[in-house]
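These are my notebook entries on a structure that I went through by region. I set down what I looked up and what I found.

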Amino acid sequence: MKITTCIFDLDGVIVDTAKYHYLAWKRLAKEKFNKDFSIHDNEQLKGVSRVESLNILLRICNEDVPEKEKQQLTDLKNKWYVEYIKRITPDEILPGVLKFLEDVKNKKLYMALASASKNARLLLERIGLTYLFDCIVDGTVVTRAKPDPEVFLKCAEELGVEPQGCVVFEDAIAGIEAAHAGQMFAVGVGDKHILYKADMVISSFKEIVIDNVVNLPKTKKNE
Ligand code: BG6
Ligand code: MG
């Protein structure tokens with residue numbers, strides 16, 4: 001099927017906020033439980049909602065807290081995270097992204113943003129890219145976290161396109177799985193050893209041109 005739509009995750013794909021999420025979770029683990037939270041552990045949190053991230057962190061740290069305290073912990077993590085990202089500027093857009101987004105626009109493909117983050121619109125505004133997207137689906141409207149395909153399927157529905165003609169760009173294992181669960185193509189952005197389930201893996205957008213995306217139907221892995 002012809003590719004009609006490119007769907008982009010935000011954190012770790014368009015802008016490197018993954019490192020700020022990591023710093024805030026690591027700080028929470030240290031200050032609240034005196035535990036070290038490694039960059040390797042952090043892979044499991046990428047693309048995962050705020051509250052589910054806390055549950056994973058608690059499991060990794062071998063800690064448990066009453067349900068009512070979880071809100072305080074996620075609020076604290078978000079407070080630190082928002083402090084970290086307050087200073088983000090368009091300079092932090094990842095290499096090759098702007099050029100690639102412009103190519104997608106010129107090719108007359110739809111462009112959607114699909115993020116689990118409740119801070120997604122704030123971030124997009126800060127980096128000045130809101131105007132490029134035909135559709136934005138974020139953590140304020142999604143009820144099921146990746147690897148559930150809801151966030152991507154909502155984009156397809158809003159745009160009135162078939163999921164099979166959508167390509168998702170993701171830095172998270174859960175996001176690759178979610179794309180495939182939604183019958184979409186998945187391009188992994190990051191380490192090919194971690195994102196090996198993707199139909200194609202790039203370490204940065206400098207490595208890809210729009211024609212690679214249009215030719216993806218020949219390389220689909222999940223069929
Ligand atoms: C995802 C990030 O995009 O958004 C996760 O990859 C994060 O690490 C999730 O937990 C939720 O973000 P926020 O900003 O709503 O806490
Ligand atoms: Mg991400």
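**Entry 1: the loop with Pro147.** I began with Pro147, which is located in the loop between strand 3 and helix 7 (150–159). I checked the peptide bond from Lys146 to Pro147 and found it to be cis, with omega near 20 degrees. I note here that the model is predicted, and I read this bond, like every other value below, as a property of that predicted model.

**Entry 2: positive phi values.** I then looked for backbone angles with positive phi. For Asn34, a residue other than glycine, phi is positive, near 50 degrees. I placed Asn34 in the loop between helix 1 and helix 2 (39–42). Is Asn34 buried or exposed? Asn34 counts as exposed because its relative accessibility is 57%, and the cut-off for that class is over 50%.

Gln183 is not a glycine either, and its phi is positive at about 65 degrees. I located Gln183 in the loop between helix 8 and strand 5. Its relative accessible area of 37% makes Gln183 partly exposed. A further positive phi, near 60 degrees, belongs to Asn62, which follows helix 3.

Entry 3: Asp91 lies in the loop between helix 4 and helix 5 (97–106). With a relative accessibility of 72%, Asp91 counts as exposed.

**Entry 4: the magnesium ion.** Which residues coordinate the magnesium ion (ligand 2)? I found Asp9 (OD), Asp11 (O) and Asp171 (OD), at 2.0 to 2.2 Å. In sequence, the spacing of these donor residues is D-x1-D-x159-D. Asp11 is in the loop between strand 1 and helix 1, and Asp171 is in the loop between strand 4 (166–170) and helix 8 (173–181), so the pair ties together parts that are 160 residues apart in sequence. I checked the burial of this pair as well, and both Asp11 and Asp171 are buried.

**Entry 5: strands 4 and 5.** I followed strand 4 to its partner. Strand 4 and strand 5 run parallel and are joined by four bridges. For Val167, the bridge partner in strand 5 is Phe185. I then asked how many residues of strand 5 (residues 185–189) are buried. The count is five of its five residues. Both faces are covered, with Phe185, Val187 and Val189 buried on one side and Ala186 and Gly188 on the other.

**Entry 6: aromatic pairs.** I counted nine aromatic pairs. One of them joins Phe8 and Phe133 edge-to-face, 6.4 Å centre to centre and with 75 degrees between the planes. This pair links distant parts of the chain: Phe8 belongs to strand 1 (residues 5–8), and Phe133 to the loop between helix 6 (120–127) and strand 3 (135–137), 125 residues apart. Phe8 and Phe133 are both buried. I found Phe8 and Phe133 again in one aromatic cluster, together with Phe100, Phe169 and Phe205.

**Entry 7: the nonpolar cores.** In soluble globular proteins, nonpolar side chains tend to be buried together. With that in mind I examined the largest nonpolar core, which has 55 residues. Those with the most contacts inside it are Phe8, Ile14, Phe133, Phe169 and Phe205. Helix 1 (residues 18–33) gives the most to this core, with seven residues.

For Phe205 I listed the contacts, not counting residues up to four places away in sequence: Phe8, Val13, Pro95, Gly96, Val97, Phe100, Phe169 and Val189. I also noted a second, separate core of 21 residues, with Cys135, Val137, Val151 and Cys166 among them.

How values were computed:
Residues numbered from 1 in each chain as written. Chains lettered and ligands numbered in written order. Predicted model: local features only at pLDDT ≥ 70, side-chain atom pairs only at ≥ 80, totals over all residues. Heavy atoms only, no water. Phe/Tyr/Trp six-rings, centres within 6.5 Å; stacked < 30°, edge-to-face > 60°. Helix = DSSP H or I, 4+ residues; strand = E, 2+ residues; numbered from the N terminus. Buried < 20%, exposed > 50% of the residue type's maximum accessible area, 1.4 Å probe, protein only. Core = buried A, V, L, I, M, F, W, Y, C linked by side-chain atoms within 4.5 Å. Contact = heavy atoms within 4.5 Å. Donors = N, O, S within 2.8 Å, 3.2 Å for Na, K, Ca; no water. Pairing = 2+ DSSP bridges.
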